[in-house]
Amino acid sequence: MTAPSPVVDLAALGVVPGYVDAFGVERTLADSTRRALADRFLRSSMLATEPIVATPGRHHPRLYGQLQYEDGTTSRVCGVVDRVGYHTLTADDGTVHQVLAAEEYLPQPPRTSGLAVQLYAARSRDSWGIGDFRDLAFIARSVAARGAGVLLVSPVHAMAPICPAPNSPYSPASRQWLNVLHIAPGDAPGAERVNLSDLAAQGRSLNANRRIDRDAVSRLKGEALERIWAAVRDEEPVEFRDWATGHGDDLSSFATWTVLAETYGGDWRGWPTEFAHPLAPAVAAFAAQHADRVRFHMWCQWVADRQLAVACRNGATICLDAAVGFDFGSADAWLHQDLLALNFEVGCPADPWNREGQRWTLPPFDPHALAAAGFAPFRNLVRSALRHAGALRIDHVMQLWQLFWIPVGGRITDGAHVRYPVDALLAVLRIEAGRAGAWIVGEDIGTVADGIRETMAAIGMLGYRTEIAGRCAGNPENTVGTTGTHDQATITGILTGSDQRDMARIGKAFDATDIEQTRDQLRCQAGIEASQPIGTNQIRAAILAQYRQLAACPSRVVLATLDDAAGVTERPNMPGTIDDYPNWRIGLPAPVEDLLNAPLANDVIAAISRR
């Protein structure tokens, strides 16, 4: 006779036992989901003791014992830790705990304004078919000279080196490393030693097409960087050697994955079995056999890092964007596979905007395994993002509190909300941001669980508000205010009906009444009569009226989108689609230097900068 399964308190292990969806339907855990989570968390919850989150100088009842500080020194502590950092406590009862000692409050930005930029779309005349870090430096100088203080940039995470090239910056190969397609080859150290004129001409010719061709960009930039590497490999710059040494195994492991991906494809799950794990002996042998190619990809990351650093020193504060996850086949998934629940994917349940729910095809971290690893993947993500940037936006900030896990191959309704050790994750965030002197904004649009915004405010994390027309007047002060995100229609797209026609053309459902109301609000705000046709002058008036409203709102930081400042009709991404719409592939309609100097952009930047 089969023994009964033990009773498992899933709530104690971080699983929300049920929830009420956006339509008022009460959802309980499916039996198969319950069994899978119980089996995983009963094992992973035994891996580590609970971390201690402390404030330097403030008493904590668990801080008694021998404390090893981050720098390796030790001392006896009696309730108080005296410095920020990642420490290890051997408590008086013999248990060992990670101690996350963080200041209470995140650094704060001044009251300022700026632009939100899709970097890939922001091409200059010298770009090779895609916006690059040199273009970012130009934009930063240009807006800073006109009084704007911030540039929020689309994710610049590393992408898989495959063809066809991935398009979405929110499905990266690694959140710790950079997208080498954003390198400006002519600015790479050693570029002066080789002839790149043929490749540069081909690259610039790609700018004539608004559609971003990442395959062509990858081919041209890859060849250019290989030419430069061939000229410098035998006399590596000391700066590169020191940088590579400083990044150690993290960098070499990522570069090894990149060469394996070039050889066997971009999904490690389909590689020969001997390469299935980064610590396998065959992986080390492969890296040694392909040492020059591995070193090349390490050098490419150094070049990208140098160019991003230059952009971050060109006036405006650069705010990078951290994606919520990474692909199943990615470098991060390969390297962190022991910490991931690969039989689940991250998504969200049905809501009024996505009635079927969403699958994001991103594997979730097991929260218990993540804690046992000292939160290293999250720490490295934040640290790498703030190495040069002055601010960080965290996409879907609820990821720090909980994520919706959907069984791979199962139904969205079989998903479950899984809680994360939020106090520890927020402490990591405060440690890294405090050390970098950087401010943090959490994307909290849409349905957010109770208490999350209050916690964000309590530690100084800004919220994110996207409001059209006069609704922005209700923004809280501790927010970044803007009129839309990459997933939402531009002002021009709303006014002209272009966005509505795009949705109708691809069969995406929309609320025509709501769109018409928003259009009427934009018209009214700009003084455009209902009977008046929409032309260039009306679009200009509506955009400027909207950003004057935004500039006057309470938000600490306000952002105009470069798409609005350029009068673009298309939104960058149509949620819920992949190939029906050219997501992440639409370049701006003219060189960015022309757009930024055009009357509309000048007036938009002036309007938001007056605050």
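Visitor: Which residue does alanine 391 stand opposite in β18?
Guide: Alanine 391 stands opposite tryptophan 439 there. Keep in mind that this is a predicted model.

Visitor: And how do β15 and β18 pair?
Guide: Strand β15, residues 391–394, pairs with β18 in the parallel sense, over 4 bridges.

Visitor: What sheet are they in?
Guide: An open sheet of 8 strands with parallel pairing. The order is β18-β15-β12-β9-β8-β21-β20-β19.

Visitor: Which strands stand at the edges?
Guide: β18 (439–442) and β19 do. Each has a single partner strand, so one side of each is left without a neighbour in the sheet.

Visitor: How many degrees does the twist average from one strand to the next?
Guide: The average is 25 degrees.

Visitor: Back to β19. Is threonine 466 buried or exposed?
Guide: Threonine 466, which is found in strand β19 (residues 463–466), is buried. Its relative accessible area is 14%, and buried means under 20%.

Visitor: What does threonine 466 touch?
Guide: Leaving out residues up to four places away in sequence, threonine 466 touches Ile445, Thr482, Thr483, Gly484, Thr485 and Gln488.

Visitor: What separates threonine 466 from tyrosine 264?
Guide: Their C-alpha atoms are 42 Å apart, and along the chain the two are 202 residues apart.

Visitor: New topic, helices. At what angle do α5 and α6 pack?
Guide: Helix α5 (residues 238–264) and helix α6 (residues 281–289) pack at about 85 degrees, with their axes 10 Å apart. Angles of 65 to 115 degrees count as roughly perpendicular, and α5 and α6 are therefore roughly perpendicular to each other.

Visitor: Which residues make the contact?
Guide: From α5, Thr256, Val259, Leu260, Thr263 and Tyr264; from α6, Val283, Phe286 and Ala287.

Visitor: How many of those are nonpolar, polar or charged?
Guide: In the contact of α5 with α6, 6 are nonpolar, 2 are polar and none is charged.

Visitor: Now α14. Which residues are buried?
Guide: In helix α14, residues 498–506, the buried ones are Ser498, Asp499, Asp502, Met503 and Ile506.

Visitor: Why are they on the same side of α14?
Guide: Because they cover an arc of only 140 degrees around the axis.

Visitor: What covers them?
Guide: The cover over the buried residues of α14 includes α13 (491–496) and α15 (512–526).

Visitor: And which exposed residues are on the face turned away?
Guide: Arg501 and Arg505 are carried on the face turned away from the buried side of α14.

Visitor: What comes just after α14?
Guide: Glycine 507, which takes a positive phi of about 80 degrees.

How values were computed:
Residues are numbered from 1 along each chain as its sequence is written. This is a predicted model: local features need pLDDT of at least 70, side-chain atom pairs count only at pLDDT 80 or more; totals for chains, interfaces and linings use all residues. Side-chain values use heavy atoms; hydrogens and water are left out. Buried means under 20% relative accessible area, exposed over 50%, partly exposed in between (1.4 Å probe, protein chains only). Helices (H or I, at least four residues) and strands (E, at least two) are DSSP runs, numbered from the N terminus. The arc is that of the directions from the helix axis to the C-beta atoms. Contact means heavy atoms within 4.5 Å. Axes are lines fitted to C-alpha atoms, for helices over the stretch in contact, and angles run from 0 to 180 degrees between N-to-C directions. Angles under 35 degrees count as roughly parallel, over 145 as roughly antiparallel, 65 to 115 as roughly perpendicular and the rest as oblique. Ala, Val, Leu, Ile, Met, Phe, Trp, Tyr, Cys and Pro count as nonpolar, Asp, Glu, Lys and Arg as charged, and the others, Gly among them, as polar. Two strands pair if DSSP finds at least two bridges between them.
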